[in-house]
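Please look over the sequence and the model below before reading on. The paragraphs that follow move from the domains to a pair of helices and then to a loop.

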Amino acid sequence: MSVPLQISRKRIKRDIETLAVFTDPNEQGFTRLSFSKEYRDAVDYVAGKMAAEAELEVRIDEIGNLIGRKPGINENLPCLMIGSHLDTVKAGGKYDGIAGVIAGLEIARCLYDQKICLKHPLEIVGFLAEEPSPFGKSTIGSRAMTGKLELETLKKATNQQGKSLYQALKEAGGNPDKLEKVIRKPGSIASYWELHIEQGPVLDQQKIPIGVVSGIAAIVRAEITIVGESNHAGTTPMAQRKDALTAGASLVTAIDSIAREYDRMVITVGEFEIDPNFSNIIPGKVKMGLDLRSLDEDDLASAIQAIQDVTDGIKTNGLGITFNHWRSSPRVVFPREMTITAEKVCKKMNIPYLVFPSGAGHDASYLSEIAPSGMIFIPSKGGLSHCPQEHSDLSDIVKGVEVLSGVIQKLDSELSL
Ligand SMILES: [Zn+2]
């Protein structure tokens, strides 16, 4: 039987409030971009607490992931890993990523305080740059750990000042030339878990404290360019126009309708450029950026085909159109044994829960490729996230940590049999 951990509300509150102070003073809300001074301060703070309050062996790996390790009774067993991220988006919130790293830290502290040793080694990880970094890349740390990041990519990615991600990593004390040392092989992690704020309205609306995440939706990005003909707004009769914007506007509406035909599919046209963008010139060109997400591969493929059909229709009206799409993030279905473990823990603790997929990508998207993984969601007030209003109640965070600790202890005994 596993001993319940005495989770400290006080410590969790202190850590979240302290990390909130490490923010760019020139930006709204909470801004802690990877590679910034504020980010380094946050990493130093958590590293300090890992060592001082849980006696973890702390290191920063070659790509810049913060790792705190607690040896297991059987060091030959693969580790159990709890992770998330300490960076934020620009003008973001106080809880995204942070809640998950602090959850891991708190579990390690309780194990230390209560003198509990797990059979497996336990690693608490703060992954580098889960959010889009100034170098245009996201999930850098988790991609590197799972062997999905090439040295060439690091050299090619640059920030606005022209500095490469490779150079920035070197300056930050990393060693990108030794990227292979970061890679964990399948089988080297017994199980990976991540607690995260939901970033959506489901739990808050239904007043349910815990989400057991069934999987993570695949993300497809697309770019559509429509080429018509720029001409004089006063002298070109309506019947003789090749207006790229009117075609683009109807396409946006059509895409929205396509998304609504599927269960749990979301499609967003979040980027739109008009050329030349003057009120007295007929728009000759528009470019739009799309984001498509679903857990169902067949639905995704059929929605992409439906968009293709609409764009083909525009072509017949004498306008040029290109539609390019690419996979931005893999689809993940967490193993049933993992979600069932979390469900059993919730039932035992008498905590209401709901099983549903995540629409947002996470470090777990990559870790799940090499280890049986799972995620626990806690409610986001009003479903708001990536904004200064992002809020999760301390009592919900504590409940999430309780469930996560139950999962880790249960897996520790079950996976070592
Ligand atoms: Zn996050």
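**Domains, a helix pair and a loop**

Where the two domains meet, 5 residues of domain 1 are in contact with 5 residues of domain 2, two residues being in contact if their C-beta atoms, placed from the backbone, lie within 7 Å. On the domain 1 side of this meeting there are 1 nonpolar, 4 polar and no charged residues, where Ala, Val, Leu, Ile, Met, Phe, Trp, Tyr, Cys and Pro count as nonpolar, Asp, Glu, Lys and Arg as charged, and the others, Gly among them, as polar. This is a predicted model, in which local features need pLDDT of at least 70 and side-chain atom pairs count only at pLDDT 80 or more, while totals for chains, interfaces and linings use all residues. Residues are numbered from 1 along each chain as its sequence is written.

The domain assignment gives domain 1 as 9-215 + 332-414 and domain 2 as 218-329, with bounds that come from an automatic or database assignment. The C-alpha centres of the two domains lie 36 Å apart. Taken along the principal axes, the C-alpha atoms of the chain fill a box of roughly 85 × 45 × 35 Å. The chain has a radius of gyration of 24 Å, which agrees with the value near 22 Å that a compact globule of 417 residues would have; the radius is taken over C-alpha atoms, and the globule rule is 2.2 Å times the number of residues to the power 0.38.

The secondary structure comes to 12 helices and 13 strands, which are DSSP runs numbered from the N terminus (helices H or I, at least four residues; strands E, at least two). Helix α10 (residues 336-349) packs on helix α12 (residues 394-414) at an angle of about 120°, and their axes are 9 Å apart. That angle makes α10 oblique to α12, because angles under 35 degrees count as roughly parallel, over 145 as roughly antiparallel, 65 to 115 as roughly perpendicular and the rest as oblique. Axes here are lines fitted to C-alpha atoms, for helices over the stretch in contact, and angles run from 0 to 180 degrees between N-to-C directions. From α10, Thr 341, Ala 342, Val 345, Cys 346 and Met 349 meet residues of α12 that include Glu 402, Val 403 and Lys 410. By class, this contact has 7 nonpolar, 2 polar and 2 charged residues.

The loop between β8 (266-275) and β9 (285-294) holds Pro 276, and the peptide bond from Asp 275 to Pro 276 is cis, with omega near 5°. Asn 277 lies in the loop between β8 and β9 as well, and its phi is near 65°, a positive value in a residue other than glycine. Most residues other than glycine have a negative phi, and most peptide bonds are trans.
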